[in-house]
Every structure is written in C-alpha cells, then in structure tokens.
Amino acid sequence: MSRQGGEPVVLRRAEATDARAAADVWLASFAAALPTVVRPRTDEEVLDYFRHVLVPLRETWVAEAAGRDVVGVMVLEEGELSQLYLAPDWRGRGIGDRFVALAKERGPRGLSLWTFQVNAPAHRFYERHGFRAVEWTDGARNEEREPDVRYVWRP
C-alpha cells in the first residue's frame, strides 16, 4: 500500500463487483488520453467485456483509493500487459509505476504490450520502465484501425 496525496492506494485482484468501476476507469482514461482514436465499442459493450471476459477470465487488477474508489485497472494475459488505464485525475501519482512493477513480478520472464503510435506519453512511460519498441504497424490488426507499436520488456 502507498499513500498518494494523503489517500492510501491498494493494488488488488479485481472482483466481479469491480467490473463497472474498472470499465468506467477505462472509458474515462481512453477518452482523456486518446481523443483522436475512434473507439469501435459502445460504453455498454466495454462494460460487458469487463463484466464477462476481463474480470472473470483474465488476471485483472485494480487500484483502489481510500478503500472505496477504483482509480486504475491492469490486465495481464499470458505474458502480455494487455490493459493499463488510470482515472485521469489519478495520473502522475505513481500508480502506473506500481502496476508495471507488479506486472514484472507476475511475468518475470518478460512482457509485451501494444500501444497506439499517437500515445507519446505511454511510449515515454513504458520506455522509462525498460520496455523497447520492437514493431510498428499500420493498425490493420486492431479494432480501432489505428497505427500501433509493440513494446517488449526482458529482465
């Protein structure tokens, strides 16, 4: 546990009751960080994905502030850091750093991830944590049809 701005923040495995809050974090973060990226799913479809796939079937973690509010979400899947999103007003408080440290603990042989090419802050963040860009695409393989970049971390 750590305190950021006076409020304790705990990283814990997501429970079924966290699906709505985790989806809300994802939606708010996506809108704030990626305003030019067209989202192919409705809010309700995103919630359904969290409710029926990510939380029950994937290794999903949440950052909980002050014992009540979900302010971040991370999903790990077979060596891939497939989701890492923070509530916009909780960025810059070290929670993302803690999520990446946890991901490295859970994937000690290495991790990969994809992020959009337009997301320069994410590039700086992951590079600061030792990830290297290894592949750039035109976006033809992702739902958003947005050019992306694959990052890899090896211990």
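I count a residue as exposed when its relative accessible area is over 50%, and as buried when it is under 20%. The model I am reading is predicted.

**Entry 1: helix H4**

I looked up H4, which spans residues 120-128. Which of its residues are buried? I found Ala122, His123, Phe125 and Tyr126. They cover an arc of only 165 degrees around the axis, so they sit on the same side of H4. I then turned to the other side of H4. There, Arg124 and Arg128 are exposed.

Next I asked what covers the buried residues of H4.

Glycine 130 comes after the helix, and its phi is positive, near 90 degrees.

**Entry 2: glutamate 78**

I looked for positive phi in residues other than glycine. Glutamate 78 has one, near 50 degrees. Where does glutamate 78 lie? I located it in the loop between strand E4 (69-77) and E5. Is glutamate 78 buried or exposed? Its relative accessibility is 81%, so it counts as exposed.

**Entry 3: arginine 145**

Arginine 145 is not a glycine either, yet its phi is positive, about 60 degrees. I placed this arginine in the loop between strand E7 (132-136) and E8. The relative accessible area of arginine 145 is 54%. The cut-off for exposed is over 50%, so arginine 145 is exposed.

Conventions:
Residues numbered from 1 in each chain as written. Predicted model: local features only at pLDDT ≥ 70, side-chain atom pairs only at ≥ 80, totals over all residues. Heavy atoms only, no water. Buried < 20%, exposed > 50% of the residue type's maximum accessible area, 1.4 Å probe, protein only. Helix = DSSP H or I, 4+ residues; strand = E, 2+ residues; numbered from the N terminus. Arc of directions from axis to C-beta. Contact = heavy atoms within 4.5 Å.
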